[in-house]
Amino acid sequence: MMATALVQLGLVAAWLAVVGGVAEGLRRTAHLDTEITRKIVHIGAGHVILLAWWLRTPTWMGLAAAVVFSGVALLSYRLPILPGVNGVGRNSLGTFFYAVSIGVLTAVFWPPELPQYAALGILVMTWGDGLAALVGQNFGRHPYTIFGNQKSWEGSLTMALASFLVVLLVLGLTAGFTGAIWATAGAVAIAATLLETLSFYGLDNLTVPLGSAALAYGLINGFG
């Protein structure tokens, strides 16, 4: 049992180390913008939830990892621990909320053996928000402002499309591509896009994963 847990921890840690190393290496050698390296880590690290699902890691391991990375994230806002992820003094707690969301989703969906909802929530944030930011910043030609928060239609549409595909694939591959799954994917995509648009100070890293997972779970059980 202990040997299995150590192997699981080792694989998860190795994956996160590779993601962080690639991002930091690109930041130093290719002189990429910090925001791009942040999104590389954002997207890459999110897939740890799939690794945990595949490895059937115990609940305590996910909670412990979330606590550790939450603490590291908070320290990194004041100390140059993760220069490729957070700028010192950055006016956002996104990385911290990201770690917290993984912990909450693990606590809620791992014990009843419903990891697909935890994975769905994290991956909607991973791909939806990550791609939306990159598309919006580089190709956004039609901006709009809501509550002082500037977005672009290109970025928001990317968020909706990526969220839809994530939900469709995760639930479709686990429960079949039924009409209920397609409808749930559409509803979650709209909700996730709205949550991402209305969030401030990185709070979308918490509201989008939790909201997406909760809505998907509620709808699937309602349809069922």
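Reply: Start with surface: accessible areas come from the Shrake-Rupley method with a 1.4 Å probe, and for residues only the protein chains shown count as cover. By that method the protein has about 11,200 Å² of accessible surface, 72% of it on carbon and sulfur atoms. This is a predicted model: local features need pLDDT of at least 70, side-chain atom pairs count only at pLDDT 80 or more, and totals for chains, interfaces and linings use all residues. Residues are numbered from 1 along each chain as its sequence is written, and side-chain values use heavy atoms, with hydrogens and water left out.

Me: What makes aspartate 204 count as buried?
Reply: Buried means under 20% relative accessible area (exposed is over 50%, partly exposed lies in between; 1.4 Å probe, protein chains only). Aspartate 204 has 8% relative accessibility, so it counts as buried. Across the 224 residues of the protein, 44% get that label.

Me: Why is glutamate 196 called buried?
Reply: Its relative accessible area is 7%, so the label applies to glutamate 196.

Me: What makes glutamate 196 and lysine 151 a salt bridge?
Reply: The term needs a side-chain nitrogen of Lys or Arg within 4 Å of a carboxyl oxygen of Asp or Glu. Here the closest N and O atoms are 2.8 Å apart, and the pair qualifies. Glutamate 196 sits in helix H8 and lysine 151 in strand E2 (residues 149–152), 45 residues apart. Helices (H or I, at least four residues) and strands (E, at least two) are DSSP runs, numbered from the N terminus. A search of the whole structure finds one salt bridge.

Me: How do you know that aspartate 204 has no salt bridge?
Reply: The nearest side chain of opposite charge, lysine 151, is 5.4 Å away. For charge, Lys and Arg count as positive, Asp and Glu as negative; His and the chain ends are not counted.

Me: What does the side chain of aspartate 204 make a polar contact with?
Reply: The side chain of asparagine 205, at 3.4 Å. A polar contact is a pair of N or O atoms within 3.5 Å; within protein, one must be able to donate a hydrogen and the other to accept it, and residues adjacent in sequence count only if both atoms are side-chain atoms. This one is side chain to side chain.

Me: Which residues is aspartate 204 in contact with, leaving aside neighbours within four places in sequence?
Reply: Contact means heavy atoms within 4.5 Å. The partners are Met125, Asp129, Leu195, Glu196, Ser199 and Pro209. Aspartate 204 itself lies in helix H9 (residues 204–223).
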